[in-house]
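This briefing sets out selected side-chain and packing features of one protein model.

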Amino acid sequence: MIDSKNLVINGNIFGIALNYKDLYAFLKAQFNEKPYLSEPKKPVLFIKTPNTRNQSGAPIVKRKGDILQAGPTLGIVIGKCTSRVSKSDALQHIAGYVVVNELSLPEESYYRPAVKAKCQDGFCVIGTPVAKEQIQNIGQLELRVFVNGELKQQGTTANWIRTPEQIIEEISEYMPLNEGDIILTGTPYGRVDLQDGDVVRIEIDQLGSVTNTIQQEGN
């Protein structure tokens with residue numbers, strides 16, 4: 001069994017913008033209207049740049065006037081280089097999983113997630129990774145968002161559109177993934193707005209939690 005302490009998570013961070021059935025169902029009608037005109041056929045990717053990296057316990061700075069939203073997300077930790085990996089072999093390239101708060105401003109386009117919305121300082125709180133061998137039924141885990149101790153959002157990986165193996169297969173078809181990279185598997189419908197002073201906790205079954213306090217810029 002792999003020791004979680006030995007898992008590397010210092011690589012690139014890639015996110016999937018639409019990977020929950022409830023969120024996709026809510027937006028489906030819009031995809032046939034401008035600016036989209038058609039539904040996405042492949043995973044819609046975005047990046048979380050290095051400055052977004054954050055940890056549990058650290059403050060999250062909210063700019064004045066911005067609407068800041070929590071993003072409960074399960075991260076896939078890549079264990080070895082992947083290039084054109086089939087779904088049947090993809091599990092061999094997964095080292096583990098990690099709970100993440102993928103903070104964001106409200107999405108204006110799900111086809112082209114904005115850098116401004118996704119890549120501000122501290123907008124990706126990464127927990128302690130857990131080796132894949134320690135997780136049972138990765139497709140049946142519950143995600144929860146608590147704000148000031150009150151449950152505000154719930155979701156389940158049972159509503160994934162694509163499994164981790166499918167995501168790796170589709171991404172690695174055109175882009176290599178390396179040891180230490182993290183792929184964020186999307187957020188369920190119902191992101192929660194956060195205010196100055198709020199304490200936000202993201203929990204995922206078997207993966208633990210991350211907790212942070214929102215701090216208004218200038219305070």
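Phenylalanine 46 has the charged end of lysine 118 over its ring, 4.4 Å from the centre; a charge sits over a ring if NZ of Lys or CZ of Arg is within 6 Å of the ring centre and within 35 degrees of the ring normal. Arginine 201 likewise lies over the face of phenylalanine 146, 4.4 Å from the ring centre. The model is predicted, so local features need pLDDT of at least 70 and side-chain atom pairs count only at pLDDT 80 or more, whereas totals for chains, interfaces and linings use all residues. Residues are numbered from 1 along each chain as its sequence is written, and side-chain values use heavy atoms, with hydrogens and water left out.

**Aromatic pair**

- A search of the whole structure finds one aromatic pair; rings of Phe, Tyr and Trp (its six-membered ring) pair if their centres lie within 6.5 Å, with planes under 30 degrees apart counted as stacked, over 60 as edge-to-face and the rest as tilted.
- The partners are phenylalanine 26 and tyrosine 189, in a tilted arrangement with 4.6 Å between centres and 40° between the planes.
- Because phenylalanine 26 lies in helix 1 (residues 21-27) and tyrosine 189 in the loop between strand 12 (182-184) and strand 13 (193-194), the pair ties together parts 163 residues apart in sequence; helices (H or I, at least four residues) and strands (E, at least two) are DSSP runs numbered from the N terminus.
- Phenylalanine 26 is partly exposed at 46% relative accessible area, and tyrosine 189 is partly exposed at 39%; buried means under 20%, exposed over 50% and partly exposed in between (1.4 Å probe, protein chains only).

**Nonpolar cores**

- The largest nonpolar core has 47 residues, and those with the most contacts inside it are Leu74, Tyr97, Ile168, Ile183, Leu194 and Leu207; such a core is a set of buried Ala, Val, Leu, Ile, Met, Phe, Trp, Tyr and Cys residues joined through side-chain atoms within 4.5 Å.
- At least two residues of this core come from each of several elements, including helix 1, strand 6 (72-78), strand 7 (94-102) and helix 4 (164-172).
- Apart from this core lies another, of eleven residues, among them Ile13, Val98, Ile126 and Leu184.
- Not counting residues up to four places away in sequence, tyrosine 97 touches residues including Leu74, Ile76, Pro129, Ile138 and Leu207; contact means heavy atoms within 4.5 Å.

**Helix 4 and serine 172**

- Seven of the nine residues of helix 4 are buried, so the helix is largely enclosed by the rest of the structure.
- Its buried residues are Pro164, Glu165, Ile167, Ile168, Glu170, Ile171 and Ser172, and their cover includes strand 1, strand 6, helix 2 (87-90) and strand 12.
- Serine 172 is buried, at 1% relative accessible area, and a polar atom of its side chain lies 3.4 Å from the backbone oxygen of glutamate 169.
- Serine 172 touches Thr82, Ser83, Arg84 and Val85, not counting residues up to four places away in sequence.

**Alanine 158**

- Alanine 158 is found in the loop between strand 11 (150-156) and helix 4 and is partly exposed at 33%.
- Its C-alpha atom is separated by 15 Å from that of alanine 25, 133 residues apart along the chain.

**Cysteines**

- The structure holds zero disulfides; a disulfide is a pair of cysteine sulfur atoms within 2.5 Å.
- Cysteine 124 is buried at 0%, and its sulfur lies 9.5 Å from the closest cysteine sulfur, in cysteine 119, too far for a bond.
- Cysteine 81 counts as partly exposed, at 46% relative accessibility.

Notes:
A polar contact is a pair of N or O atoms within 3.5 Å; within protein, one must be able to donate a hydrogen and the other to accept it, and residues adjacent in sequence count only if both atoms are side-chain atoms.
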